Each structure stands twice: as structure tokens, then as C-alpha cells.
Amino acid sequence: MKIDGVFAGGGVKAFSFVGALQVMEEKSMEFERVAGTSAGAIVAALIKAGYTSADLFEILDTLNIEVFKDERMSWLPFTVAKWLHMYFKLGLYKGDELEAWLRTALEAKGVSTFADLPKGSIKIVASDLTRGRILVLPDDLPQFGILPEKFSVARAVRMSCSIPFFFEPVKLYDRRNRGQFSYIVDGGLLSNFPLWLFVDKKRKKGEDLLLALN
């Protein structure tokens, strides 16, 4: 049975999603479309790349999240450097290690850009601080003059996971307007449970089951 799935953000919630996925696999359920915010975006992307609940359990069980704390090097005293990085970079950690981990995991399944996934099969939610609005990836990328099929899935998920003041925001440049860019942060800031992405007038009773995990 093919269904749509929405995954909420919330850090450690990702672990509980693995158990739910295991039950779904036992009932022969398969996600046709997925959407997620923050930790939910990580799970959604890995599922769409082809990872099973057993794969995800192993990945999360062996994951050392300390490696994601990639601080910028500085000759200044530790505490002073941290405050300066937060003030000027808007985050304690760069977020590069998180993105690198995501890229490696996705590329292991042959997924690099959105062109490697069925069109419309995944929607990742982030927050555009500059424009003060929700950003849905890859759908909204053309507004920045960016071709969705050439955009990194790992980069999109990294944007959705940019917890304010923990990870540095991602600068998304507008290729149509030179010099303009938006600061992109955690999608949970504006829509932590994006159920609305798949709830529309076109969904008829008895058609396309929607499972939302929160």
C-alpha cells in the first residue's frame, strides 16, 4: 500500500519514528511522498533514498552527534570566541559536518540532487528569516533562480536542521538579483509539523492515505 508521510521536527523524535516505520513495513506500507521538518526532514530524506527501518536504526544507534559540533578555529579565549561566533555568524557551530554526514548517507543510495528522486516525492521545510516566510524545498527554489534538479538534497535538509544560534544559518543566494540572499534556518521555527503540505482539496475520501508522525 502506498501512502504519504509527514515527519515532525524535534531532535530525538527521529528515534521513535524508526519504530513506527518498522510496524509500517510489517504491514507492507510504502511512502510515495514524504515531507519533514528538521529531524523529520532527515528521516524523510533517508526513507526516500531507500533506507529501511533496520538501516535507520543502525545509522542512528552508531551516530556520534558530538562530531556535528564543528566550531570555527580562533586564537581568542574559548568563551570570547564562542560569543563572537554567535554574534557575527549567528551560530555556535558551522553545520558543515552535519551536511557532510547527510551527503555521505544519501550518496550511498545514489541520491545527490533532487533530480535523483521522483519529482514531487519529497518536500523539506525550512524558514527564510530574511523574507519572514516558510520555505519549501525544492518547490520554492525557482524563486531564487535555482534549478531544483541541480540542488543538493543534503544541503536542503541541512537548511531545515539549522537550529537558530546552534548551527549557523545557510545563506541562499538569489541568482536573479545579484548580491541578494536569504538567511535560512530550522523549519521548526515556522512549521514544525507541516501536515498542510499534503492536505488539500484534491485529496478525496478513501484516496491516498496520509500518515503523520509527531
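Helices (H or I, at least four residues) and strands (E, at least two) are DSSP runs, numbered from the N terminus. The views below show a predicted model, in which local features need pLDDT of at least 70 and side-chain atom pairs count only at pLDDT 80 or more, while totals for chains, interfaces and linings use all residues. Residues are numbered from 1 along each chain as its sequence is written, and side-chain values use heavy atoms, with hydrogens and water left out.

**View A. Ser28 and its backbone angle.** Ser28 is found in the loop between helix 1 and strand 2 (30-37). The phi of Ser28 is near 60 degrees, a positive value in a residue other than glycine.

View B. Leu137 and Pro138 are joined by a cis peptide bond, with omega about 10 degrees. Pro138 belongs to the loop that runs between strand 5 (133-137) and helix 6 (153-160). Most residues other than glycine have a negative phi, and most peptide bonds are trans.

**View C. Helix 1 against helix 2.** The axes of helix 1 (residues 13-26) and helix 2 (residues 39-49) come within 9 Å and cross at roughly 35 degrees, where axes are lines fitted to C-alpha atoms, for helices over the stretch in contact, and angles run from 0 to 180 degrees between N-to-C directions. Ala14, Phe17 and Leu21 of helix 1 meet Ala39, Gly40, Val43 and Ile47 of helix 2, contact meaning heavy atoms within 4.5 Å. These contact residues divide into 6 nonpolar, 1 polar and no charged, with Ala, Val, Leu, Ile, Met, Phe, Trp, Tyr, Cys and Pro counted as nonpolar, Asp, Glu, Lys and Arg as charged, and the others, Gly among them, as polar.

View D. Arg103 forms a salt bridge with Glu99, and their closest N and O atoms are 3.0 Å apart; the term means a side-chain nitrogen of Lys or Arg within 4 Å of a carboxyl oxygen of Asp or Glu. Both Arg103 and Glu99 lie in helix 5, 4 residues apart, about one turn of the helix. By this rule, the count comes to 9 salt bridges. Side chains of opposite charge can pair when their charged atoms come close.
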